[in-house]
Amino acid sequence: DTPFVSAQLGRTLLALGRAEAALDVARTASRRHGQEPGLLQLEGDALRRLGRHDEATAAFSRARELAPEDPLAHKRLLEAQLRDLPAGEALAELDALAAVPTYAERAYVHDLRGRRLHEAGRHAEAAEAYARALRLEPESAFIRKQLGLARSKAGDYAGAIDALRPAFLADPEDKYVRSTFLAALRKLERVEEAVALIDEALGAHPEALVLFGERRRFAPGAEPPAPRRRRPPAAPALELPHLEDKPGHGR
């Protein structure tokens, strides 16, 4: 019974769609252990999922007070504060924040700018914001995906292909990534490359049956290569005791 375990339990409940249970876990743990940033962020996320946005903002604000240098606490609070602002006002707030040197180097500021720009239909600017966020957080699969989608909307199909290739190969069953990625290849008439990438994805994910249909659209009548059969690993040799060494053997 620790704050960390409670936070993990609450996050799992949230992922299962059980926001009321997650809220109960967060508040029970706070009563037992005292308020901690992770528990307050969990409480805020559960409240937001339940549509109780003013209470969520209060929880995120308290988390930020306890951990002023925690980027996740600041990101959650920013999202809550900007939620009800008109697009123009929200973007003005984020632009001002991005001009402050301390925050200009935080990926989440540019990620939030990208989301607002994307929602406003300013896709080329959104792509620039996401590209900046990705330079600051290059391991973020979420930001990379958003960059690819924004580039596609902006008509930068080559850029969309570059951004989405890792996401497509990692999870070809993500319909948004797959449809955007393959549409970009089709737009640029890069048919052979598309077929090769689909085959590569099939090799890694033979259960992704949707790829067979996608392949037929690019190469009608052509059959994909047969999946390689994986040889089962050899069973380790067992060292059995010699019967003649056992007492009483032979009787």
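1. Terms first. A helix here is a DSSP run of H or I with at least four residues, and helices are numbered from the N terminus. The model is predicted. Please keep that in mind for every point below.

2. Start with helix α3. It covers residues 37-49, which makes 13 residues. From its first C-alpha to its last, α3 reaches 18 Å. That is close to the 18 Å expected at 1.5 Å a residue.

3. Now look at where α3 sits. Its buried residues are L39, L40, Q41, L42, E43, G44, D45, A46 and L47. What do the buried residues of α3 pack against? They pack against four helices: α1 (3-15), α2 (19-33), α4 (53-66) and α5 (71-82). Just after α3 comes G51, with a positive phi of about 80 degrees.

4. Next, the charged pairs. Side chains of opposite charge can pair when their charged atoms come close. The structure holds 22 salt bridges.

5. Take R62 and E65. They form a salt bridge, and their closest N and O atoms are 3.1 Å apart. Both residues lie in helix α4, three residues apart, or about one turn of the helix. An α-helix has 3.6 residues a turn, so residues three or four places apart point the same way. E65 counts as exposed because its value is 53%, and the cut-off for exposed is over 50%.

6. Compare the pair K75 and D111. Their side chains meet in a salt bridge at 3.5 Å, N to O. K75 lies in helix α5 and D111 lies in helix α8 (residues 107-119), so this pair ties together parts that are 36 residues apart in sequence. Both K75 and D111 are buried.

7. D111 has another partner. Its side chain also meets that of R115 in a salt bridge, at 3.2 Å, N to O. D111 and R115 both lie in helix α8, four residues apart, about one turn of the helix. D111 counts as buried because its relative accessibility is 2%. R115, at 25%, counts as partly exposed. Salt bridges that share partners join R11, D45, R48, K75, R76, E79, D111 and R115 into one network. Note D45 in that list: it is also one of the buried residues of α3.

8. Move on to helices α11 (residues 157-170) and α12 (residues 175-187). Their axes come within 9 Å and cross at roughly 140 degrees.

9. Which residues of α11 and α12 make the contact? On the α11 side they are Y157, I161, L164, R165, A167 and F168. On the α12 side they are V177, R178, T180, F181, L182, A184, L185 and K187.

10. Last, check E189. Most residues other than glycine have a negative phi. E189 is not a glycine, yet its phi is positive, at about 55 degrees. Where is E189 placed? It is in the loop between α12 and α13 (191-204). E189 counts as exposed because its relative accessibility is 66%.

Definitions and conventions: Residues numbered from 1 in each chain as written. Predicted model: local features only at pLDDT ≥ 70, side-chain atom pairs only at ≥ 80, totals over all residues. Heavy atoms only, no water. Helix = DSSP H or I, 4+ residues; strand = E, 2+ residues; numbered from the N terminus. Expected span 1.5 Å × (residues − 1). Buried < 20%, exposed > 50% of the residue type's maximum accessible area, 1.4 Å probe, protein only. Contact = heavy atoms within 4.5 Å. Salt bridge = Lys/Arg side-chain N within 4 Å of Asp/Glu carboxyl O. Axes fitted to C-alpha atoms, helices over the stretch in contact; angles between N-to-C directions.
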